Amino acid sequence: MTIMLNILVVQNRAINFFYDPLRTCYLGQGRMEYVALFIFDEDGNLKESKVDSFGPRDSLNVEACKKFYLSRLEELGDVKFCRIEVKPFSVNKFGVDFGLIPREPEDEEDEWAVELLPGNYMAFFEPWDSGEYDT
């Protein structure tokens, strides 16, 4: 199973930044803020992940977080926006699962999905190569 996504590509490496989607991750302290960078190989396999925590939203230094996000983006050099196919993946950082994580059907009427976590911000359904998702 591969999922079609619109993402940034850098020198034959697929890159995806997730910023706002991760704002819905809840831990004991409330909403947590993260900046995550996922790098894939040409076959859509996760090659590298960088996830940084900025702590609870209620104590977030918004300017520092934006500055960090922009510095990560600048580190990538020239990028272009295009469609590629990536495979589901999961990484655990700070006790939280990040990634495009498959979800099995819960009953006969349900269907397979792949959810962008944390926060279940996006859900992908068959056909996997459509590039469409549910929010």
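With which residue does R103 form a salt bridge, and how far apart are the closest N and O atoms? The partner is D110, and the closest N and O atoms are 3.1 Å apart. A salt bridge here is a side-chain nitrogen of Lys or Arg within 4 Å of a carboxyl oxygen of Asp or Glu.

This is a predicted model, in which local features need pLDDT of at least 70, side-chain atom pairs count only at pLDDT 80 or more, and totals for chains, interfaces and linings use all residues. Residues are numbered from 1 along each chain as its sequence is written, and side-chain values use heavy atoms, with hydrogens and water left out.

## Salt bridges

The count of salt bridges comes to four. The table lists three of them.

| Pair | Closest N to O distance |
|---|---|
| R103 and D110 | 3.1 Å |
| E48 and K50 | 3.9 Å |

Strands (E, at least two residues) and helices (H or I, at least four) are DSSP runs, numbered from the N terminus. Through shared partners, salt bridges join R103, D110 and E115 into one network.

The surroundings of these residues can be described by relative accessible area, computed with a 1.4 Å probe on protein chains only: buried means under 20%, exposed over 50%, and partly exposed in between. Both E115 and R103 are buried. D110, at 26%, counts as partly exposed. In the pair of E48 and K50, E48 has a relative accessible area of 32% and is partly exposed, and K50 is partly exposed at 27%.

## The nonpolar core

In soluble globular proteins, nonpolar side chains tend to be buried together. A nonpolar core is defined as a set of buried Ala, Val, Leu, Ile, Met, Phe, Trp, Tyr and Cys residues joined through side-chain atoms within 4.5 Å. The largest such core in this model has 18 residues, and those with the most contacts inside it are Y34, F38, V51, F98, L100 and F124. Two or more residues are given to this core by each of β4 (30-40), β6 (80-86), β7, β8, β9 and β10. The largest share, five residues, comes from β4.

Which residues does V51 touch, leaving aside those up to four places away in sequence? They are Y34, V35, A36, F38, K93, F94 and F98, where contact means heavy atoms within 4.5 Å.

## Aromatic rings

Rings of Phe, Tyr and Trp (its six-membered ring) pair if their centres lie within 6.5 Å; planes under 30 degrees apart count as stacked, over 60 as edge-to-face and the rest as tilted. By this rule there are six aromatic pairs. In one of them, the rings of F124 and Y133 have centres 5.7 Å apart and planes at 55°, so the pair is tilted. F124 is buried, with a relative accessible area of 2%, whereas Y133 is partly exposed at 44%.

Y34, F94 and F98 form one aromatic cluster. F94 is found in the loop between β7 (89-93) and β8. The phi of F94 is positive, about 60°, although this residue is not a glycine. F94 is partly exposed, with a relative accessible area of 48%.

## Helix α1

For the 14 residues of α1 (residues 62-75) the span should be 20 Å, and the end C-alpha atoms are 20 Å apart, which agrees.

At the N-terminal end, N61 caps α1, with a side-chain oxygen 3.3 Å from the backbone nitrogen of E63. After α1 comes G77, whose phi is positive, near 80°.

## Prolines

A cis peptide bond joins L117 and P118, with omega about 5°. P118 lies in the loop between β9 and β10 (122-124). The peptide bond from E126 to P127 is also cis, and its omega is near 0°. P127 is placed in the segment after β10.

P56 belongs to strand β5 (residues 46-56) and is partly exposed at 21% relative accessibility. The C-alpha atoms of P56 and R31 are separated by 5.6 Å, although these residues are 25 residues apart along the chain.

Key:
Expected span 1.5 Å × (residues − 1). Polar contact = N/O pair within 3.5 Å; in protein donor to acceptor, adjacent residues only side chain to side chain.
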